[in-house]
Amino acid sequence: MSIVSNNTLQQNGVAAKNGNPVVVIGAGLAGSEAALQLAERNYQVKLFEMRPQIQTAVHKTDQFAELVCSNSLKSTKPESAAGMLKSELASLNSYLYKYACKHAVAAGGALAVNRESYSLEITQLIESHPLIEVLRSEVTSIADVTRDASAVIVASGPLTSDALAADLQTITGEEHMAFYDAAAPIVMADSLDFDKLFVQSRYEESTEAAVGDYLNAPFTQDEYDAFIRELIAADRVIAKSFETKELFSACQPIEEIARKGHDAPRFGTLKPVGLTDPRTGKRPWAVLQLRAEDKQGQSFNLVGFQTNLTFGEQRRVFRMIPGLEHAEFARFGVMHRNTFINAPQLLDRSLRLVTQKAAELPVPVFVAGQLAGTEGYAEAIRSGLHVALEVSAYLRQIETPVVPKEMVFGALLAYATDANTVDYQPMHVNFGIIEPLEVRIKNKGQRYQAYAERGLDACMRYCEDLRKLGLL
Ligand SMILES: Cc1cc2nc3c(=O)[nH]c(=O)nc-3n(C[C@H](O)[C@H](O)[C@H](O)COP(=O)(O)OP(=O)(O)OC[C@H]3O[C@@H](n4cnc5c(N)ncnc54)[C@H](O)[C@@H]3O)c2cc1C
């Protein structure tokens, strides 16, 4: 089926500024979506893809939109964050989502995809599109491609080539680019036992009124011993060989620290010094600190708990921590080879690079996909779509409406581009960072249902605003 013949936006679109094409670097999930969205709006696109000339450590084919690991785009349940993201993709006419549905294979409540036929069809669509020129070559300099472009989208993903990563660093600053993610788990606040946890910052006086920025989970000696025993014995993800050595030398997972010595975590991540449990008046044997992940304190990060345990083992072992017995995980800890930029310091809400060096380039540079610090296949597609809308708006010199924070992508975008976000690690959509409801609903099922209904309303309004501007 040809996209071209069906799309009305084609007639409404305008030619790219100065007649120059929009350059997209990388034909992964984000880049393929962005290229198709722009071409369907009648913009010339020049799409660079380095494979097969240069392969990455995880891609196996030379096709576009390759799913590099699992073939699942996660839950389709409308009242889940992943399900809400799918409904947003559908409302915004995402091509990669539409074709994922077409190539779906049975997977219970999830959207799983036949990866071969999916990639093949996306590749054919792009290669046969009259407005997309595909160049099978590596981009090594952003400045070079800006010269005859109207805008540039960098969507080169977590395995961005070394040469391009080095070049990007000159624009972002070395300190704002990471090559590994080491994300600690995040738990939902309302799943924690506040009878066991206490609020206090290290070395702050404990008074009757709680003080401090941290929640503290105090261990007795027995609880600590049992926890460390299970932590060491737990199943780990077998990291790919290209990842393990450098990754672990950059950041030690908590289970590796424990393996070095039973008490090692107690003198590091779990150190109790400067903390007094107000219930006992004493310093606990060990303490895990939890830091709020969002302003409203809806979710908390397990400080220093970077881990390589499997998700199932994280759920089992970390629930042994006092106060976390019923913890629900908004995000599990991950450690990956993963190139990404410090989005909160570098990108605005349109995912445009706003550094001094970027401002010196002749055209704007946008970043989409995992490189922008969003995590997950559907998130990569959604950010490619978002950037395509923003580039269209830029070329037509109009302002886009703000993506409402009630939409799951709006919440992720706000989180990822908020300069106050500290120690940024790639994030997928989740209810731990969503705008709280005006009136809190205690029942979890009903609360999630309310998020979904509110999100759908916000999405309809957002789409309507885009339509009025001729962007959708
Ligand atoms: C090992 C690993 C496993 C993952 N597993 C999952 C999973 O199971 N589920 C999930 O939801 N998410 C997973 N992710 C996270 C993420 O969702 C995927 O990586 C996703 O493919 C990101 O999409 P993207 O478009 O940003 O990058 P990609 O899909 O990787 O696309 C980037 C493209 O850019 C090309 N490229 C790179 N450098 C250049 C250059 N200099 N010039 C031209 N082209 C270039 C690459 O060849 C590639 O085709 C995983 C990530 C990694 C690293």
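This is a predicted model: local features need pLDDT of at least 70, side-chain atom pairs count only at pLDDT 80 or more; totals for chains, interfaces and linings use all residues.

Visitor: What radius of gyration does the chain have, and what would a compact globule have?
Guide: The chain contains 472 residues, and for that number a compact globule would have a radius of gyration near 23 Å. The C-alpha atoms fill a box of roughly 70 × 50 × 45 Å along the principal axes.

Visitor: How many helices and strands does the chain have?
Guide: Both kinds of element are present in the chain. The counts are 16 helices and 16 strands.

Visitor: Among contacts between residues at least 6 apart in sequence, what share joins residues at least 24 apart?
Guide: Of the 472 residues, 57% count as buried. As for the contacts between residues at least 6 apart, the share that joins residues at least 24 apart is 72%.

Visitor: Is Thr 374 buried or exposed?
Guide: Thr 374 lies in the loop between β16 (365–367) and α14 (377–395). Its relative accessible area is 6%. Buried means under 20%, so Thr 374 is buried.

Visitor: Which residue has its backbone oxygen 3.4 Å from a polar atom of the Thr 374 side chain?
Guide: Leaving aside neighbours within four places in sequence, Thr 374 is in contact with Gly 369, Glu 379, Ser 383, Leu 412, Tyr 424 and Met 427. One of these residues places its backbone oxygen 3.4 Å from a polar atom of the threonine side chain. That residue is Gly 369.

Notes: Residues are numbered from 1 along each chain as its sequence is written. Side-chain values use heavy atoms; hydrogens and water are left out. Helices (H or I, at least four residues) and strands (E, at least two) are DSSP runs, numbered from the N terminus. Buried means under 20% relative accessible area, exposed over 50%, partly exposed in between (1.4 Å probe, protein chains only). A polar contact is a pair of N or O atoms within 3.5 Å; within protein, one must be able to donate a hydrogen and the other to accept it, and residues adjacent in sequence count only if both atoms are side-chain atoms. Contact means heavy atoms within 4.5 Å. The radius of gyration is taken over C-alpha atoms; the globule rule is 2.2 Å times the number of residues to the power 0.38.
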